[in-house]
Amino acid sequence: AILGGVGSSVGILGAGSTSAGVLSEKPNLFGKLLILTALPGSQGVYGLLIALMILMKVGTFAGGAEVSMEAGKQLLIAGILTGVACFFSAWLQGKVVVAGIGAVAKNDKLSANMIVLSALIETYAIFGLLIGLLIANGVVL
């Protein structure tokens, strides 16, 4: 959850800062830039999802459960793999979004194209989440 959240924060920082600059001259682009700026935020959600699954798996919300050392290692690996994938995906997606915002500032008809280009990087965060979920789901306590 932390790695995904930090990656999303870094990605949104660059996108939000660039959007603010563009909006100072072209406030009519707010809707288009808002969508682009928000895109790196989804990886924080993926990190939260894997964290919640791990917490539910170990019974945190139901009073706790005995977790073997091996199961704990597997759950830790699931969280780390997902977190790292989400961190880098959000950070790098933010860089693509910044470039896309620059393109939209010059030609606002490109916004859909820029959304598609920046969403390509997100695929790898989804792969990381999927692997983390498969690992975590397969852990036998």
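**α2 against α4**

I started with the contact between α2 and α4, where L33, L36 and T37 of α2 meet V97, G100, I101 and V104 of α4. By class I have 5 nonpolar and 2 polar residues there, and no charged ones. I then looked up the geometry of this pair in what is a predicted model. The axes of α2 and α4 come within 9 Å and cross at roughly 170°.

**α3 against α4**

Next I took α3 and α4, which pack at an angle of about 170° with their axes 8 Å apart. I therefore noted this pair, too, as roughly antiparallel. On the α3 side I listed Q43, Y46, G47, I50, I54 and K57. They meet L75, A78, G79, T82, C86, S89, A90 and Q93 of α4. The residues of this contact divide into 7 nonpolar, 6 polar and 1 charged.

**α3 against α5**

I turned to α5, the helix of residues 111-138. It packs with α3 at an angle of about 0°, and the two axes are 10 Å apart. Angles under 35 degrees count as roughly parallel, which makes α3 roughly parallel to α5. From α3 I wrote down S42, Q43, Y46, L49, I50, M53, I54 and K57. From α5 the partners are E122, A125, I126, L129, G132, L133, A136 and N137. By class I have 10 nonpolar, 4 polar and 2 charged residues in the contact of α3 with α5.

**α1**

I checked the length of α1, residues 2-25. Its 24 residues reach 35 Å from the first C-alpha to the last, close to the 34 Å expected at 1.5 Å a residue. Which residues of α1 are buried? I found G4, G7, S8, G11, A15, S19 and V22. As a reminder to myself, an α-helix has 3.6 residues a turn, so residues three or four places apart point the same way. I also looked up what covers the buried residues of α1, and the cover includes α2 (30-38), α3 (42-57) and α4 (69-106).

**E66**

I looked for E66 and found it in the loop between α3 and α4. Is E66 buried or exposed? The cut-off for exposed is over 50% relative accessible area, and E66 counts as exposed because its relative accessibility is 72%. I then took the distance from E66 to K32: they are 34 residues apart in sequence and 49 Å apart in space, C-alpha to C-alpha.

**Whole chain**

I left the totals for last. The protein chain has 5 helices and 0 strands, and its pattern along the sequence is α-α-α-α-α. Its C-alpha atoms fill a box of roughly 60 × 25 × 15 Å along the principal axes. Of the 141 residues, 34% count as buried. The accessible surface comes to about 7600 Å². Carbon and sulfur atoms hold 74% of that surface. For contacts with a separation of 6 or more, I noted that 83% are between residues 24 or more positions apart.

How values were computed:
Residues are numbered from 1 along each chain as its sequence is written. This is a predicted model: local features need pLDDT of at least 70, side-chain atom pairs count only at pLDDT 80 or more; totals for chains, interfaces and linings use all residues. Side-chain values use heavy atoms; hydrogens and water are left out. Helices (H or I, at least four residues) and strands (E, at least two) are DSSP runs, numbered from the N terminus. The expected span of a helix is 1.5 Å times one less than its number of residues. Buried means under 20% relative accessible area, exposed over 50%, partly exposed in between (1.4 Å probe, protein chains only). Contact means heavy atoms within 4.5 Å. Axes are lines fitted to C-alpha atoms, for helices over the stretch in contact, and angles run from 0 to 180 degrees between N-to-C directions. Angles under 35 degrees count as roughly parallel, over 145 as roughly antiparallel, 65 to 115 as roughly perpendicular and the rest as oblique. Ala, Val, Leu, Ile, Met, Phe, Trp, Tyr, Cys and Pro count as nonpolar, Asp, Glu, Lys and Arg as charged, and the others, Gly among them, as polar. Accessible areas come from the Shrake-Rupley method with a 1.4 Å probe; for residues, only the protein chains shown count as cover.
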